[in-house]
Amino acid sequence: MSATQINKMSNFRWVIVGLLFLATTVNYMDRQVLSLTWKDFIAPEFHWTDDDYGTITGLFSIFYAIANLFAGKFIDKMGTKRGYLIAIGVWSVGAVMHAGCGWLAMQIEGYESLEALRMVQAGSVAAVSIATVSVWLFLSCRLILAIGEAGNFPAAIKVTAEYFPKKDRAFATSIFNSGASIGALAAPATIPLIARALGWEMAFIIIGVLGFFWMGLWIWLYDKPSKNKFVSKAELAYIEQDNEDGTLTEDSSIVGTEEKEEKTIGFLKCFSFRQTWSFVTGKFLTDGVWWFFLFWAPAYFSDQYGYTSDSKMAIMLIFTLYAIVTVLSIGGGYLPTYFVEKKGMNPYIGRMRAMLIFACFPILGLLAQPLGTFSPWWPAVIIGLLGAGHQAWSANLYTTVSDMFPKSTVATITGIGAMAGGVGSFLINKGSGALFTYAEGQGAAFSFMGFDGKPAGYMIIFCICSVAYLLGWCIMKLLVPKYKPIIVD
């Protein structure tokens, strides 16, 4: 690298964000394959009910939650380069393994073909046995998927803390976090068509192998900023412009160009801080909302309007939903930067102000089911706006961790919070599956706010999702009313 290149500001940190974006996109596509294939392709073969699917999605959330409890500490210990490689390698293997569940269920149950499984009489003892065996097989694969996927966000947040000063982290986080929306956007446009043309097994395999390609890019491009040959001294100085206590210097001057080893906070000690519980609360109350719509939106349009996941209308509805999420959520990461740079707020106050605004978006969810009686486009648009609010909220929620904790502990706290989010997701997904099966069985005898049967069940869940964010924000504000970073002695 020439002297001119060394002194010139490079922008390699945005390449790193691009890699984080790609990893998150693949992460969510792998997670989405099941939700886009279960209702119309997998359930008929294995005789699944909504409750069976709720069990799978709910326990996946628990697996993910438990894995997250340790994933952050694992990333902090292994380092971002090796830790991220191991995480995506594990989840890619788990994703591909789903393809073998049908064959293995066939062998265990003693049938000669998947068609023979499908032809078993619904509700019979044999059908229940097939459903039970297949659910456990898929849960085994979801366990491996969850263990690997748990490393994505702790690693990505840690990389963001390494490569960006505090004032830019929410925007960088919103960019890579939008990979969740892009993954959810690309999934309905590709996965059902792959399943229809090549079988649902190939959908898991094709999407799963994408992670192995990403691993090659990560090995080639990533290193810590101070050691990365693609990062100039000027860019390194920009990255390290925050002083040691986590605030900008009075004249925003650049301080330090060498990365310093920081003391880490013990795992149990992390739970002694209000800042930890603030993040835990935000994740517990709101993560399940996103996961509910991620896992259940295709089934919702199938149940309520009869559009199978591979139909043109279903693809358009899901695509529109996540297109709204993608376009609007990126701007959410810029809002706290505006509050900090234009309004002079400190990062935490600016972030909490932005999160209050985003917490109001989900209230629109109360209208999704009522307006859906006129057109399916209404819930598609409203759920899209709710999802955009969630993604903007989530980007800023993650960044509160790097605002208040030293870099050495960021992944650990992120993992703890993600565990709480997984528990919340288990409750809403398992609860939804059981509720929908019960409501469908009760029919007109089960009603809520003018809806009967399964539509009443959906209305109940929409109400819960709509108020979760404001409740979460209020509790977070009570726990940490003002900016108070954790200092490790």
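Tutor: Start with F138. F138 touches L34, I42, F46, W48, I56, H98, C101, W200 and F204, leaving out residues up to four places away in sequence. Contact here means heavy atoms within 4.5 Å. This is a predicted model, where local features need pLDDT of at least 70, side-chain atom pairs count only at pLDDT 80 or more, and totals for chains, interfaces and linings use all residues. Residues are numbered from 1 along each chain as its sequence is written, and side-chain values use heavy atoms, with hydrogens and water left out.

Now widen the view. The largest nonpolar core has 144 residues, and W48, F138 and F292 have the most contacts inside it. Its largest share, 17 residues, comes from helix α2 (residues 12–46). A nonpolar core is a set of buried Ala, Val, Leu, Ile, Met, Phe, Trp, Tyr and Cys residues joined through side-chain atoms within 4.5 Å. Buried means under 20% relative accessible area, exposed over 50%, and partly exposed in between (1.4 Å probe, protein chains only).

Next, S140. S140 lies in helix α7 (residues 125–149). Helices (H or I, at least four residues) and strands (E, at least two) are DSSP runs, numbered from the N terminus. S140 counts as partly exposed because its relative accessibility is 41%.

Finally, G94. This residue is found in helix α4 (residues 80–97). G94 has a relative accessible area of 0%, so it is buried. Beyond its neighbours within four places in sequence, G94 is in contact with C141, I144 and L145. The C-alpha atoms of G94 and L143 are separated by 7.8 Å, though 49 residues apart along the chain.
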